[in-house]
Amino acid sequence: MNQKFDQLYHDYKNMLLENVLPFWLQYGFDRTHGGVYTGLDRNGALLETDKSVWFQGRALWVYATAYRQMERRPEYQELCDSLVSFIENHCFDPSDGRMYFRLSQEGKPVVKRIRYVFSEMFAILGFAAYSRAFDRPEYAKKAYALFKKVEGYLNEPGILIPKFERESKGFGLPMILLNTVSELREALPEKSEELTRAIDGYIKEIEIFFVRPELKVVVEQCNPDGTLQLDHFEGRLLNPGHAIEGAWFVLTEAQKRGGDAELMHLGTTMLDWMFARGWDEDYGGIIYYRDALGKSATEYWHDMKFWWPQCEAAIANLLAYSMSGKQEYLHQFEQVDKYIKTHFLDEEHGEWFGYLHRDNSLSTPLKGTMYKGPFHIPRMYLVACEILDGLRQ
């Protein structure tokens with residue numbers, strides 16, 4: 001068994017260091033204006049010169065973490081320095097301190113999405129990782145200051161304009177906050193007690209509002225009082241990949257607390273329910289959307305296979321196996337791993353395809369958009385390598 005994990009470790013490390021990270025360094029790094037492009041064609045050709053603010057913070061987390069955890073390659077530091085400069089000089093609106101969503105290649109504003117704080121949260125992730133990798137404690141403090149701003153935005157009525165007039169609670173916010181604040185805590189141990197209390201609150205919110213034993217699902221949305229919105233499309237919407245991502249965030253926190261049994265149960269329950277809902281028994285892979293009551297799905301891409309849910313399923317199952325020793329999780333990880341290698345890897349040009357139809361035929365060969373870039377895939381390899389390194393001992 002150790003030999004198998006050792007081989008997987010080396011395979012994943014090689015994919016990360018010699019395939020995925022070099023692809024984005026070669027084709028995505030804008031050495032003229034700074035930061036990264038993500039709108040790339042299959043061969044790395046630039047399709048879109050606008051830049052995703054999300055991915056400036058996300059890429060910073062990836063390359064800083066790779067530098068700290070894998071190899072101290074100077075090209076990683078060069079990109080990280082460029083990303084930090086681009087974020088600080090261009091990604092914040094000087095009029096109110098909020099972050100943009102999309103910029104021109106030079107860093108001029110294109111889109112600002114005022115109802116969200118995800119740009120800020122990915123910047124927190126990036127600053128925290130940069131602080132740890134390059135011994136820059138001032139960036140941990142900047143990450144913390146930005147987190148306090150986010151808390152203010154969330155707590156002050158009228159700052160974040162809701163998408164719908166009908167009030168609701170969304171799973172995505174506490175889930176991303178859980179991961180973001182966990183990373184921040186690693187960079188700022190002197191704030192550990194405060195940040196752990198915040199994490200406790202995010203986990204409790206996930207458990208109370210979105211983990212629903214009556215349907216054995218993790219819902220994306222509910223009413224503010226916790227009742228379900230089962231007479232609406234949005235209220236019945238399940239996103240298995242999103243819920244599985246949340247599951248491994250909970251499991252990671254359980255691990256950091258010495259194998260906390262209650263958190264372990266919560267995380268594996270979320271994984272069990274949503275892997276069963278998401279895995280396509282006919283063609284393999286995690287399907288994008290399901291309906292909580294098994295009714296007809298509404299989004300036209302509902303049965304497609306996107307790259308990122310496969311990443312989350314690989315991490316969650318490998319982590320659950322490492323913590324529990326249960327063979328079912330190892331089997332599910334191996335299913336996902338085989339599926340990825342068979343359908344998503346681009347053997348000719350490197351990196352992964354992003355979008356498949358349900359039967360696994362290719363929808364589009366491009367490698368990057370405003371939503372696909374250097375994050376979910378390299379994060380999968382980084383996290384999996386850390387888990388596999390322990391399993392192969």
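**Helix packing and ring pairs**

Trainee: Which residues of H10 meet which in H12?

Mentor: This is a predicted model. In it, Thr268, Leu271, Asp272 and Phe275 of H10 meet Glu328, Tyr329, Gln332, Gln335 and Val336 of H12.

Trainee: And by class, what is in that contact of H10 with H12?

Mentor: The contact has 4 nonpolar, 3 polar and 2 charged residues.

Trainee: What angle do H10 and H12 pack at, and how far apart are the axes?

Mentor: The angle is about 50 degrees, and the axes are 13 Å apart. H10 covers residues 261–278, and H12 covers residues 327–343. The two helices are therefore oblique to each other.

Trainee: Is the crossing of H10 and H12 left-handed or right-handed?

Mentor: The crossing is left-handed.

Trainee: Switching to rings. How many aromatic pairs are there?

Mentor: The structure holds 34. One of them is Phe23 with Trp24, an edge-to-face pair. Their centres are 5.5 Å apart, with 75 degrees between the planes.

Trainee: Are Phe23 and Trp24 buried or exposed?

Mentor: Both are buried.

Trainee: What about Tyr300 and Trp301, why is that pair edge-to-face?

Mentor: Their planes sit at 85 degrees, so the pair counts as edge-to-face; the cut-off is over 60. The ring centres are 4.6 Å apart.

Trainee: Where do Tyr300 and Trp301 stand on accessibility?

Mentor: Tyr300 is exposed, at 72% relative accessibility. Trp301 is partly exposed, at 22%.

Trainee: Which residues do ring pairs link into a cluster?

Mentor: Tyr12, Phe275, Trp279, Phe333, Tyr339, Phe344, Trp352 and Tyr381.

Methods:
Residues numbered from 1 in each chain as written. Predicted model: local features only at pLDDT ≥ 70, side-chain atom pairs only at ≥ 80, totals over all residues. Heavy atoms only, no water. Axes fitted to C-alpha atoms, helices over the stretch in contact; angles between N-to-C directions. Helix = DSSP H or I, 4+ residues; strand = E, 2+ residues; numbered from the N terminus. Parallel < 35°, antiparallel > 145°, perpendicular 65-115°, else oblique. Left-handed = near helix turned anticlockwise from the far one by under 90°. Contact = heavy atoms within 4.5 Å. Nonpolar A, V, L, I, M, F, W, Y, C, P; charged D, E, K, R; others polar. Phe/Tyr/Trp six-rings, centres within 6.5 Å; stacked < 30°, edge-to-face > 60°. Buried < 20%, exposed > 50% of the residue type's maximum accessible area, 1.4 Å probe, protein only.
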